[in-house]
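Here is my note on the fold, taken point by point. Please read it with the model open.

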Amino acid sequence: MRFQPDRNYLSNDNIQTPRPLARAVVEALRPSGRVLEPCAGGGAFLSVLPADSLWCELREGRDFLVWEGQVDWIVTNPPWSKIRAFLRKAFAVADHVAFLMTINHAWTRARLRDAREAGFGIRQILLFNTPKTFPQSGFQLGVVVYTRGYRGPIELRELPGDW
Ligand SMILES: C[S@@+](CC[C@H](N)C(=O)[O-])C[C@H]1O[C@@H](n2cnc3c(N)ncnc32)[C@H](O)[C@@H]1O
């Protein structure tokens, strides 16, 4: 039997954030200064970030992993298969990095070491219900906020709502 690729398969790398969730995240974080959406996709975060925010998107020919510049904030739902590369790049170009992801991925030894070596600490985690359009796994989703130079406790905050 020949292998047939499943053409209906939607990679976790292309799951777009519901706009109401993106809005709730941005209202909670209030990013300011220079802001970058490093993988804009359909523009969920970009549509609620400050109007002059910068953006990348591989499908538009703007690869974040080779992007050059410095910003105050990065806010995104990254391609989940590339979280480590995205985080390391984000630590190199931003002071505050907010990634929407399954929060257990923040606690791998490699991820904790990457943050420590880049001089970042986790300052806040926003917890929210899994959107209906996302894979329904048992893992808790959140926005993990890393801040350069931060060494204090982690604030856990719930974003109420269904998305
Ligand atoms: C999970 S989707 C999320 C899109 C958007 N950030 C959102 O919150 O709705 C991830 C996006 O990352 C893009 N992407 C993957 N690799 C990239 C790269 N190296 N540079 C820029 N964008 C990339 C994909 O094309 C996809 O649109």
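1. Terms and model. Two strands count as paired if DSSP finds at least two bridges between them. Helices (H or I, at least four residues) and strands (E, at least two) are DSSP runs, numbered from the N terminus. The model is predicted: local features need pLDDT of at least 70, side-chain atom pairs count only at pLDDT 80 or more, and totals for chains, interfaces and linings use all residues. Residue numbers start from 1 along each chain as its sequence is written.

2. As background, strands of a sheet pair through backbone hydrogen bonds, either parallel or antiparallel.

3. Strand 1 (residues 35-37) pairs with strand 2 in the parallel sense, over 2 bridges. Here Glu 37 faces Trp 55 of strand 2 as its opposite residue. Strand 1 also pairs with strand 3, again parallel and over 2 bridges. In that pairing Val 35 stands opposite Trp 73 of strand 3.

4. Strands 3 and 4. These two pair in the parallel sense over 5 bridges. Ile 74 stands opposite Val 97 in strand 4. Thr 76 has Phe 99 of strand 4 as its bridge partner. Burial is scored by C-beta atoms placed from the backbone: a residue is buried if 20 or more others lie within 10 Å of its own, exposed if 12 or fewer, and partly exposed in between. By that count 5 of the 6 residues of strand 3 are buried, and the strand is mostly covered.

5. His 96. Where does His 96 lie? His 96 is in strand 4. His 96 is buried, because 23 other C-beta atoms lie within 10 Å. Contact here means C-beta atoms, placed from the backbone, within 7 Å. Neighbours within four places in sequence aside, His 96 contacts Pro 31, Asp 72, Trp 73, Val 145 and Thr 147. The C-alpha atoms of His 96 and Thr 147 are 4.6 Å apart, though 51 residues separate the two along the chain.

6. The core. A nonpolar core is a set of buried Ala, Val, Leu, Ile, Met, Phe, Trp, Tyr and Cys residues joined through C-beta atoms within 7 Å. The largest one has 37 residues; Phe 45, Ile 74, Val 75, Val 97, Phe 99 and Val 143 have the most contacts inside it. At least two residues each come from helix 1 (19-29), strand 1, strand 3, helix 2, strand 4, strand 5 (120-127) and strand 6 (141-148). Strand 4 gives the largest share, 6 residues. Phe 45 touches Thr 17, Ala 22, Val 26, Glu 37, Val 75 and Thr 76, not counting residues up to four places away in sequence.

7. Helix 1. Its buried residues are Leu 21, Ala 22, Val 25 and Val 26. Viewed down the axis of helix 1, they fall within an arc of 130°, so they line one face. The arc is that of the directions from the helix axis to the C-beta atoms. The buried residues of helix 1 pack against strand 3, strand 5 and strand 6.

8. Helix 2. In helix 2 (residues 83-93), Phe 86, Leu 87, Lys 89 and Ala 90 are buried.

9. Arg 30. Please check this residue in the loop between helix 1 and strand 1. Phi of Arg 30 is near 45°, a positive value in a residue other than glycine. Most residues other than glycine have a negative phi. Arg 30 is exposed, because 8 C-beta neighbours lie inside 10 Å.

10. The ligand. The ligand is surrounded by 23 residues, and the closest are Thr 17, Cys 39, Gly 41, Leu 58 and Asn 77.

How values were computed. Contact = placed C-beta atoms within 7 Å. Near = placed C-beta within 6 Å.
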